[in-house]
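Here is a short briefing on one protein chain. Keep the sequence and the model open side by side while reading.

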Amino acid sequence: MQATEHILIIEDEVDIAEFLALELNHEGYEVTVESDGRQGLDKALAQDWDLLLLDIMLPGLSGMEICRRVRSQSDVPIIMLTARQSVPDRVAGLDVGADDYLVKPFAVEELLARIRVALRRTRTTAKDEEIITVEDLTLNRATREVTRADETITLTAREFDLLELFMRNRNHVLPREVILEKVWGYDFAGGTNVVDVYVRYLRNKIDVPYGSQLLQTVRGVGYLLKE
Ligand code: CA
């Protein structure tokens, strides 16, 4: 049997925090609520949590800043809750190391689903795993070998790095800007079109010959490798 998972909610809107705590308790999670940004950060760093739910607009310290600081010390899954709709904010949330985000108002079922995905990922993903497998696709970081359906696939260095990013973040949507920064670096001047071009190269190697599509497009946002 699995130990109870402990979730920290940092949210200053009391109604929302209480509602979330109630729903998560009902699902069998243990829940702690903090409403202030600074106290929330202290709490987040004070013990090992299984997951953080982090509002962005908070008194004391913003959710973005909390996320950035927690991430510099811990791999705990972080889901951001944001009232803002704009894509740059979403990208910023992922940039500071959040695993996922939800725009308020959201359906609680959606949140529960995202929490399950995030928790499953940390349970199954060792931090420094050498071999990553998604369905019949396998990537070995040590030998830089990629296989699908037991056939070796030859990738360029850039394609390999891109695939590794997708496989490490499997089932998570990666915005083009994030992909660009992680694979090509901050100072790359070429714009995000290069991401689309390389995703196409990658698809032609890892998906097209096998007749099943792991690498999916999320229109207007980016891509994800879906298990
Ligand atoms: Ca708030």
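This is a predicted model: local features need pLDDT of at least 70, side-chain atom pairs count only at pLDDT 80 or more; totals for chains, interfaces and linings use all residues.

The chain is divided into domain 1 (6–127) and domain 2 (131–225). The C-alpha centres of domain 1 and domain 2 lie 27 Å apart.

**Calcium site**
- Three residues coordinate the calcium ion: D12 (OD), D55 (OD) and M57 (O). The distances run from 2.1 to 2.3 Å.
- Along the sequence, the donor residues follow the spacing D-x42-D-x1-M.
- D12 and D55 link distant parts of the chain, 43 residues apart. D12 sits in the loop between β1 (6–10) and α1 (14–26). D55 belongs to strand β3 (residues 51–55).

**The four-stranded sheet**
- An open sheet is formed by 4 strands in the order β6-β7-β8-β9, with antiparallel pairing.
- The edges are β6 (131–134) and β9 (151–153). Each has a single partner strand, so one side of each is left without a neighbour in the sheet.
- On average, neighbouring strands of this sheet are turned by 25° against each other, direction ignored.
- β7 (residues 137–140) and β8 (residues 145–148) pair in the antiparallel sense over 4 bridges. Within this pair, L139 of β7 stands opposite V146 in β8.
- Helix α6 (residues 157–168) packs on the sheet and touches β6, β7 and β8. The direction of α6 makes about 115° with that of β7.

**Helix α6 against helix α8**
- α6 also packs with helix α8 (residues 193–206), at an angle of about 85°. Their axes are 10 Å apart.
- Angles of 65 to 115 degrees count as roughly perpendicular, so α6 is roughly perpendicular to α8.
- From α6, the contact uses R158, E159, L162, L163 and F166. From α8, it uses Y198, V199, Y201, L202, K205 and I206.
- By class, this contact of α6 with α8 has 8 nonpolar, no polar and 3 charged residues.

**Backbone details**
- Most residues other than glycine have a negative phi, and most peptide bonds are trans. Two places depart from these patterns, as follows.
- K104 and P105 are joined by a cis peptide bond, with omega about -5°. P105 lies in the loop between β5 (100–103) and α5 (108–124).
- E135 has a positive phi, near 50°, in a residue other than glycine. E135 is found in the loop between β6 and β7.

Methods:
Residues are numbered from 1 along each chain as its sequence is written. Side-chain values use heavy atoms; hydrogens and water are left out. Two strands pair if DSSP finds at least two bridges between them. Helices (H or I, at least four residues) and strands (E, at least two) are DSSP runs, numbered from the N terminus. Axes are lines fitted to C-alpha atoms, for helices over the stretch in contact, and angles run from 0 to 180 degrees between N-to-C directions. Contact means heavy atoms within 4.5 Å. Angles under 35 degrees count as roughly parallel, over 145 as roughly antiparallel, 65 to 115 as roughly perpendicular and the rest as oblique. Ala, Val, Leu, Ile, Met, Phe, Trp, Tyr, Cys and Pro count as nonpolar, Asp, Glu, Lys and Arg as charged, and the others, Gly among them, as polar. Domain bounds come from an automatic or database domain assignment. Donors are N, O and S atoms within 2.8 Å of the metal (3.2 Å for Na, K and Ca); water is not among the atoms, so sites may look incomplete.
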